[in-house]
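Please look over the sequence and the model below before reading on.

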Amino acid sequence: LWTQDNFGEDLIFNIRDGSVFFWDTSAGLTAPAVTLSSIAADAPTIARQILVSDRDRHVVAIGCNALGSSTQDKLLVRFSSQEDYTDWSPTATNTAGDLVVGTGSEIITAVETRREIIILTDASVHSMQYIGAPLSFGINQLASGTTVLGANSAVAVNDSVYWMGRNRFYAY
């Protein structure tokens, strides 16, 4: 499974639980994509899913490796600095950072709505919202004891999210 999102006219994409890539349209149609970590210091080298937060323009890596590690943490969410896909090192002067989802053993998928990113784990549902400086994002648990069948079983429609779980459908 591949996930992809636009960063302006450029494309950021990854294969599930694999490398993250960047394709610059200004290089032309024949130019190959490159790994994001080859052009962005401290960028995730492995991720479950990648997306761009449309509201505040952060690149968000779901279920990725921690800064300075090559081991995937399936509950870790990292984000680049606002408007800068190359800046992944948290400092006092940027908005890059990371958060750990506190419930479940792995993030199954994340879906972006107009106001937030809904993160579905194997055991819970969380809302990730941009809250501004100094923390950038916050995560709140919305529900526990939920299930989700797979990475493609959730969809966002405006500010609502619908997904298929075991033996039932869910709506938020």
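A residue is called buried when its relative accessible area is under 20%, exposed when it is over 50%, and partly exposed in between, using a 1.4 Å probe and protein chains only. By this rule, 46% of the 172 residues of the protein count as buried. This is a predicted model, in which local features need pLDDT of at least 70 and side-chain atom pairs count only at pLDDT 80 or more, while totals for chains, interfaces and linings use all residues. Residues are numbered from 1 along each chain as its sequence is written, and side-chain values use heavy atoms, with hydrogens and water left out.

The protein has 15 strands and 1 helix. Both kinds of element are DSSP runs numbered from the N terminus, with helices (H or I) having at least four residues and strands (E) at least two. Along the principal axes, the C-alpha trace spans about 45 × 35 × 30 Å. The radius of gyration of the protein is 15 Å, which agrees with the value near 16 Å that a compact globule of 172 residues would have. That radius is taken over C-alpha atoms, and the globule rule is 2.2 Å times the number of residues to the power 0.38.

Contact means heavy atoms within 4.5 Å. Among contacts between residues at least 6 apart in sequence, 40% join residues at least 24 apart.

Now to the interior. In soluble globular proteins, nonpolar side chains tend to be buried together. A nonpolar core here is a set of buried Ala, Val, Leu, Ile, Met, Phe, Trp, Tyr and Cys residues joined through side-chain atoms within 4.5 Å. The largest such core has 16 residues, and I12, L36, V59, Y85 and W88 have the most contacts inside it. Strand 3 (20-23), strand 5 (49-52) and strand 6 (59-62) each give two or more residues to this core. Another core, of 13 residues, lies apart from it and includes V60, I62, F79 and I119.

Which residues does I12 contact, leaving aside neighbours within four places in sequence? The partners of I12 are T3, Q4, D5, F7, V20, F21, F22, I50, V59 and Y85.

F13 lies in strand 2 (residues 10-15). With a relative accessible area of 15%, F13 is buried. Not counting residues up to four places away in sequence, F13 touches W2, T3, Q4, S19, V20, F21, W23, A33 and I50. F13 and Y170 are 157 residues apart in sequence, and their C-alpha atoms are 27 Å apart in space.

T146 is placed in the loop between strand 12 (136-144) and strand 13 (154-157). Its relative accessible area is 8%, so T146 is buried.

Two further loop residues can be taken together. D17, in the loop between strand 2 and strand 3, has a positive phi of about 60° although it is not a glycine. D17 is partly exposed, with a relative accessible area of 29%. N158, in the loop between strand 13 and strand 14 (160-165), has a positive phi of about 55° and is not a glycine either. N158 is exposed, because its relative accessible area is 51%.
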